[in-house]
Amino acid sequence: MSAADKVKLEASWKQALHDEFDKPYMIALGDFLRQEKAAGKEIYPPGPLIFNALDSTPLDQVKVVIIGQDPYHGPGQAHGLCFSVQPGVATPPSLVNIYKELKRDLNIDIPNHGYLQSWAEQGVLLLNTSLTVERANAGSHAAKGWQPFTDRIISVVSEQRPHLVFLLWGAHAQSKERLIDTSKHLVLRSPHPSPLSAHRGFIGNGHFSRTNKFLEQNGLPPIDWRLPPVQS
């Protein structure tokens, strides 16, 4: 049995990424994660949620891609979707600024939670470029093998899907533009929504309305960016 056959993953993604799991870098990454857990380190998100972005947004349903960097490294926050936190967890500062731009752009009321699962289920791939992190140690797994894997994900959606919108917020996300076929996809760039940079051009970027306009122009339903209430 190959390494890929052991992975629990949504079927369309498993087929598209099957060869990646047998590559040396991915086998080494799996060994590293097992060793870290055996040493008693807390790894976020929990194992079943590491591939939540892919499980929540099948390849044939992707319409929008938002690229983040690292899972949140505090207890109970990360659940495998970039910028999103689990119900009952305080909304992180960058997501607060995303909500402020949604309010300014589309007059969507700011929700009292940071759970973005409903976006993922509408076709918004909320992809961090590292899919795990050690508790209280930001960026700790960034060089352990996730980058070639998530680069491959970006390449696959660019190759296999038509008329996507890529939202590249900040320098790290924008470094991935080299993987995107800009002749058929809309790429929108702005500063990161972090409090350090949001007011240098993230607030006011209009990305949410521009995304929906592009989708509608290409015969696709727009994203409903409003978030339903959640039970904490």
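This is a predicted model: local features need pLDDT of at least 70, side-chain atom pairs count only at pLDDT 80 or more; totals for chains, interfaces and linings use all residues.
Two strands count as paired if DSSP finds at least two bridges between them.

Next, select helix α4, residues 93-106. The helix has 14 residues and reaches 20 Å from its first C-alpha to its last, close to the 20 Å expected at 1.5 Å a residue. Show the side chains of S94, L95, N97, I98, Y99, E101, L102 and D105, which are buried. In an α-helix there are 3.6 residues a turn, so residues three or four places apart point the same way. Which elements do the buried residues of α4 pack against? They pack against α5 (117-120), β5 (165-169) and α8 (207-217). Just after α4, stop at N107, where phi is positive, about 55°.

Now move to β5. Five of its five residues are buried, so the strand is largely enclosed by the rest of the structure. Side chains in a regular strand alternate between the two faces of the sheet. In β5, V165, L167 and W169 are buried on one side, F166 and L168 on the other, so that both faces are covered.

Strand β2, residues 64-68, runs parallel to β5 and is joined to it by three bridges; here I66 stands opposite L167. Strand β6, residues 186-190, also pairs with β5 in the parallel sense, over five bridges. Select L188 in β6 to find the residue opposite L167.

Definitions and conventions. Residues are numbered from 1 along each chain as its sequence is written. Side-chain values use heavy atoms; hydrogens and water are left out. Helices (H or I, at least four residues) and strands (E, at least two) are DSSP runs, numbered from the N terminus. The expected span of a helix is 1.5 Å times one less than its number of residues. Buried means under 20% relative accessible area, exposed over 50%, partly exposed in between (1.4 Å probe, protein chains only). Contact means heavy atoms within 4.5 Å.
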